[in-house]
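Subject: Structure handover

Hello,

Here is the structure you asked to take over. Please open it first, then read the notes below with it on screen.

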Number of protein chains: 2
Amino acid sequence: MKVEVKVDIKKLINEKEFKLLKELLKEQEPARIVEMIEELPQDEKIVVFRFLPKDTAAEVFSHLEKDDQMELLSLFKEDKLKEIIENMEPDDRADLLEELPANVVKRLLAHLSNEERQNTLTLLNYPEYSAGRIMNPNFLDLKENMTVKEALQHIKVEGNKKETIYTLFVIDNTRKLKGTVELKDLIFSEEDEFIKNIMNENPIYSTVYDDEEEVARIMQDYDLLAIPVTDSEKRLVGIITIDDIVDVLEESATEDIQKMAAVGVTETSYFHTSIWALIKSRVIWLGALLLFESIAVFVIEGFSDVLQKITVLAAFMPTINAIGGNTGSQMSAIVIRSMAVGDIEEDDFKKVLSKELFSGIILGIILGIIMFLRSIVNTREPLIMLSLSLSIIIVVMISNLLGAILPFFAKKIHLDPALISGPFISTLMDILSMFFYFSISALLLKDLL
Amino acid sequence: MKVEVKVDIKKLINEKEFKLLKELLKEQEPARIVEMIEELPQDEKIVVFRFLPKDTAAEVFSHLEKDDQMELLSLFKEDKLKEIIENMEPDDRADLLEELPANVVKRLLAHLSNEERQNTLTLLNYPEYSAGRIMNPNFLDLKENMTVKEALQHIKVEGNKKETIYTLFVIDNTRKLKGTVELKDLIFSEEDEFIKNIMNENPIYSTVYDDEEEVARIMQDYDLLAIPVTDSEKRLVGIITIDDIVDVLEESATEDIQKMAAVGVTETSYFHTSIWALIKSRVIWLGALLLFESIAVFVIEGFSDVLQKITVLAAFMPTINAIGGNTGSQMSAIVIRSMAVGDIEEDDFKKVLSKELFSGIILGIILGIIMFLRSIVNTREPLIMLSLSLSIIIVVMISNLLGAILPFFAKKIHLDPALISGPFISTLMDILSMFFYFSISALLLKDLL
């Protein structure tokens, strides 16, 4: 893999070799320029932007992280700003504007042509994470009664300004979606064939209010390069291309991982998130879980007489808690991820329940036996060994079950299942584990008390 | 979103309405047939395959889960088997064969034409998860001195059998990669323009031994629909298309989530993984962590005199352990995910270290204060309150630091950072937390002992 930009841009800027810089920049792909520009200080970023062709400048700007975009916006001269905003794709522009304060948005919108402004405002009207928000209204449309030759001619004239020409969208006079046709089907067809004869009359489509992750799942399952997006009357209003979907899938996996580790979701990457934002995203969860854990304190205090008489029980508290937390984390991760990729649906509840009821018993017995054997090292009292094993069996069964079913309940009450995360279920299990551990011990060991 | 197949296939099969079935199947996209077929019992799956067009049959078969594929292989009649195997894409075929026992592979390979057999064996020679393994050797190549007209003619004749025609690959007589050209550039160019004048002479490419996740990252960053794959002498040997990459990205996120929850990686989805395989993937980790936790038992036993005199300390053990586990899980999840998506590189170690050293202190102090205030509910002894707060501060700092740096060490010794997961770091922290908690308490509370 060769992805190299080995020219010292800083040196070029310092030595004012602007002609060479401009030449070099013209040769590079936007993604390479993004990588490069991220390493530069703000004032040198501005210099690089000055020498980028205007389409490239807008594309590079779109790919920067939010914090860099914000800073640059305030540093660009008025005409540069106008050029970049006008040349951005409508979906990227909407994405940027929604983060900005209203007065800045107003100023930026004023820079736009009427058409682009309208496009942007339309997208901004759709809810976050909807198909409408990430679609691009810039697509190429054909009519059913065009011939292949006419269609190709139309593409030659209009295609250059459109997001993609590999999937083409056939609409009628009221802009209703009639079908899609792949460019390759045009290439393989006779010149005088009519579009209506080669188009897919029953294409997969999404509507503006569909969730972006659902759209992503569909495009992945159907190996689509682009999907049409319609309004509620099936009028074609935009398209979503696979490159946007790749980003959606990745962001949604990152979000799930963050939630599963009880981290508040951050929209920016690690180094682009300030220390304070990161701390905030974590401390709320940590603090809440710390207080939630208080219940475990009371449970244990309730058994303080047992503990005082048989102190070896205290030594195994972390073991019992850990096994509950680990089992629950495993199980919830499996269910949450399977839900996210569509392998487990809401109506699979009973199937999951019975599978995991059984798994939990097997897991519990295996781990209970390991515990029984392992506890010989610390105690020779068979009743204590038995209490430990029994506690493990019960705790593993319960945590396995909770890990399996809580994500379903979360979904039922419209919470993200990923919130039933490792840390959350571990804390819940701490309370239950301590209760069962000491109850079982008190019962079995009452002669020792 | 309309993805509906509302015909009762089972009824059609039972009533032997095969003509209608065949007609209906011809209309459906392969992905819809996959969804449908997954719901049917094996013998009805076989019936559906009997009536699928052969290309569709191979594609549908490729998209089924491994366990279904295995079972069907043994149920297909010899000629159906041959037809499906021959018509599968080489990469899908290699993927299937590697799971099968050697004697079955031999039998299946015998069904293939010489060319397809050679293709498949070549792919199987590359290591798992390499670009070579997932590439498709079926690409369309052009020569530099072709004109646009000649190229389009070539595509019309040859393109139908190829994986994609949207990216075209320019090679010389020794099959060395000279450039790539997008179909859209052909469309927008004059007919007599030469390919060498419109091709990208410096295309991004990958080599057969590159890791598939690296290739995925590059294709995502550069918004590529297809990437050329070359051997060590830069001879073009295959291509990878974006639809395969979407699957790679998704599988790698799933793998990371599984590892982060200390679940052994399963290759199949939840309902396609047997109870025993799932239990096995979990019990090894759970058992290992259970034994690892033994160290915490010894640490606590070492402080049994302290514990016996001040039993309220026992009540807070789970709280101290939980905060250590939660903080470590959060931090490791952030670092692991950022590494996976390329936001944190190995040489960012020092930057992460200093950021998290600071974050850890802040987090520790905030949580220490919460603990101090909250402990009033259970104790009025200021020294105990102080021990608790101090322990929290130390434990949070250490676990935050370990969560940040252990993924780097894992990477250094070529382990997957995702293994420094919630459960692993929680167990490690249990040991350290207990040690610091009781050391601090013994020191501060020596007058109470």
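**A nonpolar patch on the surface**

In this predicted model, ten side chains of chain A make up a nonpolar patch on the surface: A:Ile361, A:Ile365, A:Ile369, A:Phe372, A:Leu373, A:Ile376, A:Leu383, A:Leu386, A:Leu390 and A:Met397. Together they have about 770 Å² of accessible area. Two elements of chain A each give two or more residues to this patch, namely helix 21 (349–375) and helix 22 (382–412). Helix 21 of chain A supplies the largest share, with 5 residues.

A:Met397 is a member of the patch and sits in helix 22 of chain A. Its relative accessible area is 32%.

**A buried charge in chain B**

B:Glu212 is found in helix 15 (residues 212–221) of chain B. What is the nearest side chain of opposite charge to B:Glu212, and how far away is it? It is B:Arg133, at 8.7 Å. A salt bridge needs the nitrogen and the carboxyl oxygen within 4 Å, and B:Glu212, although buried, has none.

Leaving aside residues up to four places away in sequence, B:Glu212 touches B:Tyr129, B:Ser130, B:Ala131, B:Ile134 and B:Val248.

Most residues other than glycine have a negative phi. Two residues of chain A are worth looking up with that in mind.

- A:Asp223 is not a glycine, yet its phi is positive, at about 50°. A:Asp223 belongs to the loop between helix 15 (212–221) and strand 5 (226–230) of chain A. With a relative accessible area of 31%, A:Asp223 is partly exposed.
- A:Lys234, also a residue other than glycine, has a positive phi near 65°. Its place is the loop between strand 5 and strand 6 (236–241) of chain A. A:Lys234 counts as partly exposed, because its relative accessibility is 32%.

**How the two chains are related**

Regards

Terms used
Residues numbered from 1 in each chain as written. Chains lettered and ligands numbered in written order. Predicted model: local features only at pLDDT ≥ 70, side-chain atom pairs only at ≥ 80, totals over all residues. Heavy atoms only, no water. Patch = residues over 30% accessible without salt bridge, like charges linked within 9 Å, V, L, I, M, F, W, Y side chains within 5 Å. Areas by Shrake-Rupley, 256 points an atom, 1.4 Å probe, with all protein chains shown as cover. Helix = DSSP H or I, 4+ residues; strand = E, 2+ residues; numbered from the N terminus. Buried < 20%, exposed > 50% of the residue type's maximum accessible area, 1.4 Å probe, protein only. Lys, Arg positive; Asp, Glu negative; His and termini not counted. Contact = heavy atoms within 4.5 Å.
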